[in-house]
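Here are some notes to read alongside the model. Have a look at the structure first, then work through the points in order.

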Amino acid sequence: MTEGQAPDVVRVGRVGKGLRVLVAVAGIGLLINGSVRASDDAWPFGPMSQYAMSVPDDAKIDYTRVSAVTDAGTTVDVPLNIEGAGVARAEIEARAGEIVKDPSLLQQVADGWARKHPDQPKYVKLELIRDTTQLVKGRVEGPPTSQVLATWEVRR
């Protein structure tokens, strides 16, 4: 190409256009499927429960966590990440309803912790807890309240 000359234009053929449309339709279909199922398991083709959003000035903010009693007699908050117990907080939050119905699902948290941290105290009891903070006019109103949603005695 010489100076002042327009660059060559390359047109996409029928096969290229068809392939692009097929990829777009497949992506939209996967996104709709993940959204209808409302599960983080479908990520990135579905919702992710920890998207940031604004909170009204007068609202309740729920925070889900897992607490553990160890074989050393201590009570700790379980680190809900891949390095900690091998399961992400988003997965626990997305499956909270299932865990309430079947607390044995918490066994996976204990197993993940024991596998990743063999030299640390083992979990003997797990609780799924929802902490709720009340906002009034955009300010925190008192300490959070805690509600135990599910309890599981860990199998060895």
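**Notes on the predicted model**

1. Of the elements in the chain, helix α1 (residues 14–37) comes out with the lowest mean pLDDT, 84, while β2 has the highest, 96. Here pLDDT is the predictor's confidence in each residue, from 0 to 100. Helices (H or I, at least four residues) and strands (E, at least two) are DSSP runs, numbered from the N terminus. Over the chain, the mean pLDDT is 86, and 85% of residues reach 70 or more.

2. A word on ground rules. This is a predicted model, in which local features need pLDDT of at least 70 and side-chain atom pairs count only at pLDDT 80 or more, while totals for chains, interfaces and linings use all residues. Residues are numbered from 1 along each chain as its sequence is written, and side-chain values use heavy atoms, with hydrogens and water left out.

3. Now the inside. The largest nonpolar core holds 21 residues, and V78, L126 and L128 have the most contacts within it. Two or more residues each come from β1 (60–70), α3 (96–101), α4 (107–116), β3 (123–136) and β5 (145–153). Such a core is a set of buried Ala, Val, Leu, Ile, Met, Phe, Trp, Tyr and Cys residues joined through side-chain atoms within 4.5 Å. Buried means under 20% relative accessible area, exposed over 50%, and partly exposed in between (1.4 Å probe, protein chains only).

4. Take L128 as an example. Neighbours within four places in sequence aside, its contacts (heavy atoms within 4.5 Å) include V66, I92, I99, L106 and L149.

5. How many aromatic pairs are there? The count is 1. W113 and Y123 have ring centres 5.1 Å apart and planes at 15°, so they are stacked. The rule pairs rings of Phe, Tyr and Trp (its six-membered ring) with centres within 6.5 Å; planes under 30 degrees apart are stacked, over 60 edge-to-face, and the rest tilted. W113 sits in helix α4 and Y123 in strand β3, so the pair ties together parts 10 residues apart in sequence. W113 is buried at 12% relative accessible area, and Y123 is buried at 4%.

6. V87 lies in the loop between β2 (75–77) and α2 (89–94). V87 is buried, at 16%. Leaving out neighbours within four places in sequence, V87 touches L80, N81, I82, I92 and V109. From V87 to W113 is 26 residues in sequence and 9.2 Å in space, C-alpha to C-alpha.

7. Finally, check K137, in the loop between β3 and β4 (139–140). Its phi is near 55°, a positive value in a residue other than glycine. K137 is exposed, at 71% relative accessibility.
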